[in-house]
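Every answer sets a value against its cut-off.

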Amino acid sequence: MFLTQVKILPRLLRRKHTFDSTPLFGKASFSRLVLGIETSCDDTGAAVLDETGAILGESLHSQKEVHLRSGGIIPTVAQQLHRENIERVVQEALERSCVTPGQLSAVATTVKPGLALSLAIGLEFSQRFVRQHNKPFIPIHHMEAHALTARMLQPVSFPFLVLLVSGGHSLLAVARGVDDFLLLGHTLDIAPGDALDKVARRLSLIKHPQCSTLSGGQAIELLAKDGDRTLFPFKTPMGQTYDCCFSFAGLHNQITLTIKKKEAEEGVEQGTLLRCVNDIAAATQHTVASHLAKRTHRAILFCKTNNLLPSNNPSLVLSGGVASNQYIRKVLTSITETTGLQLFCPPPKYCTDNGVMIAWNGVERLREGKGILPPHVDVRYEPKAPLGVDITAEVKAAAIKLPSVRMKIPTDG
Ligand code: KG4
Ligand code: ZN
């Protein structure tokens with residue numbers, strides 16, 4: 001089941017807030033407001049949410065086009081762009097919400113994991129802000145925020161299984177509570193979004209008239225619609241490893257070798273758009289989807305064997321930038337339908353990085369009184385930070401073999 005924009009439209013109505021704005025430090029009250037700030041990678045985002053999850057106002061500055069032109073994210077450039085935009089983005093989110101800093105109950109900011117230089121800007125700004133306005137501070141784990149976003153839009157209750165796939169991460173976890181995760185699998189090398197971005201760059205998709213402003217993943221999804229995936233039967237990674245970890249580096253190599261071969265066959269230099277670009281895109285997308293689906297299937301079986309999910313209405317949440325991909329969503333639907341889980345995906349806008357998901361994570365923590373700090377506590381950013389308790393070794397030891405599943409393959413790719 002896909003969450004639709006329609007369901008959140010009423011929440012986007014602006015409201016004027018006139019209530020006591022005394023810092024609450026986690027005590028229960030109605031209509032508390034949280035400002036969320038995101039700068040962990042290449043998006044400067046801010047949003048104000050109320051305690052029900054209503055989005056009062058948001059603002060996002062994406063650096064995507066700058067990094068597309070330079071062929072990847074250069075951390076110093078990302079930092080400079082965050083520095084130039086953060087004040088305006090936060091100001092815009094507050095103005096659009098008709099909320100003053102004094103009316104906020106807390107400020108939630110991504111402090112881990114992510115690019116050090118990017119995290120530093122959001123954290124420095126936030127610590128100055130909370131001290132100036134005497135507000136509680138809620139440090140946020142970026143992947144926890146991706147995992148919880150679905151709960152802002154739909155009543156997804158704990159525990160649920162979550163697959164998070166983005167430019168920097170690939171992980172499967174059981175979310176048992178706001179700050180309670182069991183890590184079933186993670187990537188051993190690069191993330192699926194990184195692999196898609198690298199393939200898109202190697203194919204020079206920025207030169208394609210339809211793709212010049214799209215991220216690698218978006219470009220591959222678009223071109224795959226007119227491609228024949230069967231022309232390039234790439235091998236799904238880790239077929240003989242019966243755990244829930246991921247690997248995309250080998251697949252990236254396979255695809256690069258194929259591209260080199262096709263360039264030689266077509267007699268063109270690297271940097272020229274290949275005639276078979278749609279077919280390579282379709283095969284790449286399919287193999288990524290298939291790898292994600294297989295590891296997720298095994299994670300579901302592991303959870304069932306170990307009673308980690310409720311027997312009534314178990315759920316899978318799919319989020320992170322790569323989860324915007326409709327083909328990947330469809331393939332995962334085959335797995336959830338076969339295993340009796342309900343699939344929840346936030347709309348693409350909230351799968352990629354944004355301030356709303358950070359504010360929502362702040363709301364969830366505020367409601368439970370978890371991880372709320374007074375303004376003067378010094379907080380450090382952490383570029384590397386695993387999510388939850390790592391039980392990947394137990395998953396591997398279980399060595400669950402998968403039954404075959406008829407994948408739902410969308411006809412346009
Ligand atoms: O979550 P996100 O905005 O940032 C990170 O935390 O990494 O994810 C960005 C990643 C990029 O690698 C981008 O190519 C990928 O998400 N992406 C997609 C799609 N839209 C964005 N991948 C596949 N299909 C898409 N439609
Ligand atoms: Zn992300």
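Q: How many aromatic pairs are there by the ring rule?
A: The count comes to four aromatic pairs. Rings of Phe, Tyr and Trp (its six-membered ring) pair if their centres lie within 6.5 Å; planes under 30 degrees apart count as stacked, over 60 as edge-to-face and the rest as tilted. This is a predicted model: local features need pLDDT of at least 70, side-chain atom pairs count only at pLDDT 80 or more, and totals for chains, interfaces and linings use all residues. Residues are numbered from 1 along each chain as its sequence is written, chains are lettered from A and ligands numbered from 1 in the order written, and side-chain values use heavy atoms, leaving out hydrogens and water.

Q: Why is the pair of Phe246 and Phe248 called stacked?
A: The ring centres lie 6.3 Å apart with planes at 10 degrees, so this pair is stacked.

Q: Why does Phe232 count as buried?
A: Buried means under 20% relative accessible area, exposed over 50%, partly exposed in between (1.4 Å probe, protein chains only). Phe232 has 12%, so it is buried. Phe234, at 11%, is buried too. Both Phe246 and Phe248 are buried.

Q: How do you know whether Glu38 is buried or exposed?
A: Its relative accessible area is 0%, so Glu38 is buried. Glu38 sits in strand β1 (residues 33-38); strands (E, at least two residues) and helices (H or I, at least four) are DSSP runs, numbered from the N terminus. Glu38 and Asp353 are 315 residues apart in sequence, yet 7.6 Å apart C-alpha to C-alpha.

Q: Why is ligand 1 said to lie between domain 1 and domain 2?
A: Domain 1 (11-153 + 353-386) and domain 2 (160-350 + 390-398) both give residues to the shell, so ligand 1 lies between them. These bounds come from an automatic or database domain assignment.

Q: Which helix gives the most to the shell around ligand 1?
A: That is α7, with four residues.
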